[in-house]
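Biologist: Can you put the model up? I'd like to go through it with you.
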Amino acid sequence: MKNDPASTLSQVIAQMMVHQLSAVHVGFPCRVISFDEVTCKADVQPLVRTADSEPAMIQDVPALGHRFKVNEIEQVYRPSLKSGDTVYVVCADREIKNALNGQLASVDTERRHDVNDAVIVGVFACSL
């Protein structure tokens with residue numbers, strides 16, 4: 001039986017696409033390992049296994065704060081995370097480190113949806 005080159009190429013392309021898509025990170029639950037209240041950054045452990053090994057810990061993930069105005073009184077809420085909390089982490093479309101000072105910035109890398117650009121957006125109710 002003769003191999004069909006088009007079929008073989010199609011299989012190779014499909015495998016490459018699966019491999020590339022598995023490197024794209026959008027959002028996932030994590031467990032807080034530690035939290036620094038001064039910097040509002042946490043070390044987190046992803047809770048979804050995508051391979052045979054444990055997912056790698058992600059370090060220095062910034063946590064979002066909130067500013068609310070109730071009855072015309074503004075109140076700022078800084079994150080307060082505890083070791084063991086279950087949080088939701090999203091990965092930015094592009095590198096964020098140069099924009100964290102609030103200024104327009106260029107990226108230093110071509111990474112997209114990378115865990116190095118993760119941000120904690122909230123705490124799951126199971127940890128409240």
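**Aromatic pairs, sheet and core**

Modeller: Searching the whole structure turns up two aromatic pairs. Keep in mind that this is a predicted model.

Biologist: Which residues form an edge-to-face pair, and at what centre to centre distance?

Modeller: Y88 and F124 form an edge-to-face pair, at 5.9 Å centre to centre and with 90 degrees between the planes.

Biologist: Where in the chain are Y88 and F124?

Modeller: Y88 is in strand 6, while F124 belongs to the segment after strand 7. They are 36 residues apart, and the pair links distant parts of the chain.

Biologist: Why does Y88 count as partly exposed?

Modeller: Y88 counts as partly exposed because its relative accessibility is 32%, and buried would mean under 20%. F124 counts as partly exposed too, at 33% relative accessibility.

Biologist: How many bridges join strand 1 to strand 2?

Modeller: Six bridges join strand 1 to strand 2, and the two run antiparallel.

Biologist: Is strand 2 largely enclosed or largely open?

Modeller: Strand 2 is largely enclosed by the rest of the structure, because five of its six residues are buried.

Biologist: What about strand 6 and strand 7, how many bridges?

Modeller: Five bridges join strand 6 to strand 7, and they run antiparallel. V90 stands opposite V119 in strand 7.

Biologist: Core next. How many residues are in the largest nonpolar core?

Modeller: The largest nonpolar core has 16 residues. V44, L81, V87, V89 and I120 are those with the most contacts inside it. The elements giving two or more residues to this core are strand 1 (27-36), strand 2 (41-46), strand 3 (58-62), strand 6 (86-91) and strand 7 (118-123).

Biologist: Which strand gives the most?

Modeller: Strand 1, with four residues.

Biologist: Take I120. What is I120 in contact with, leaving aside neighbours within four places in sequence?

Modeller: With that exclusion, I120 is in contact with A42, V44, V61, P62, A63, L64, L81, V87, Y88 and V89. Y88 has come up already, as the partner of F124 in the edge-to-face pair.

Biologist: One more residue. Where is D117, and is D117 buried or exposed?

Modeller: D117 is in the loop between strand 6 and strand 7. D117 counts as buried because its relative accessible area is 0%.

Biologist: What does the side chain of D117 reach?

Modeller: The D117 side chain reaches the backbone nitrogen of I96, at 3.1 Å. Leaving aside neighbours within four places in sequence, D117 is in contact with V90, C91, A92, R94, E95, I96, K97 and R111. V90 in that list is the residue that stands opposite V119 in strand 7.

Terms used:
Residues numbered from 1 in each chain as written. Predicted model: local features only at pLDDT ≥ 70, side-chain atom pairs only at ≥ 80, totals over all residues. Heavy atoms only, no water. Core = buried A, V, L, I, M, F, W, Y, C linked by side-chain atoms within 4.5 Å. Buried < 20%, exposed > 50% of the residue type's maximum accessible area, 1.4 Å probe, protein only. Contact = heavy atoms within 4.5 Å. Polar contact = N/O pair within 3.5 Å; in protein donor to acceptor, adjacent residues only side chain to side chain. Pairing = 2+ DSSP bridges. Phe/Tyr/Trp six-rings, centres within 6.5 Å; stacked < 30°, edge-to-face > 60°.
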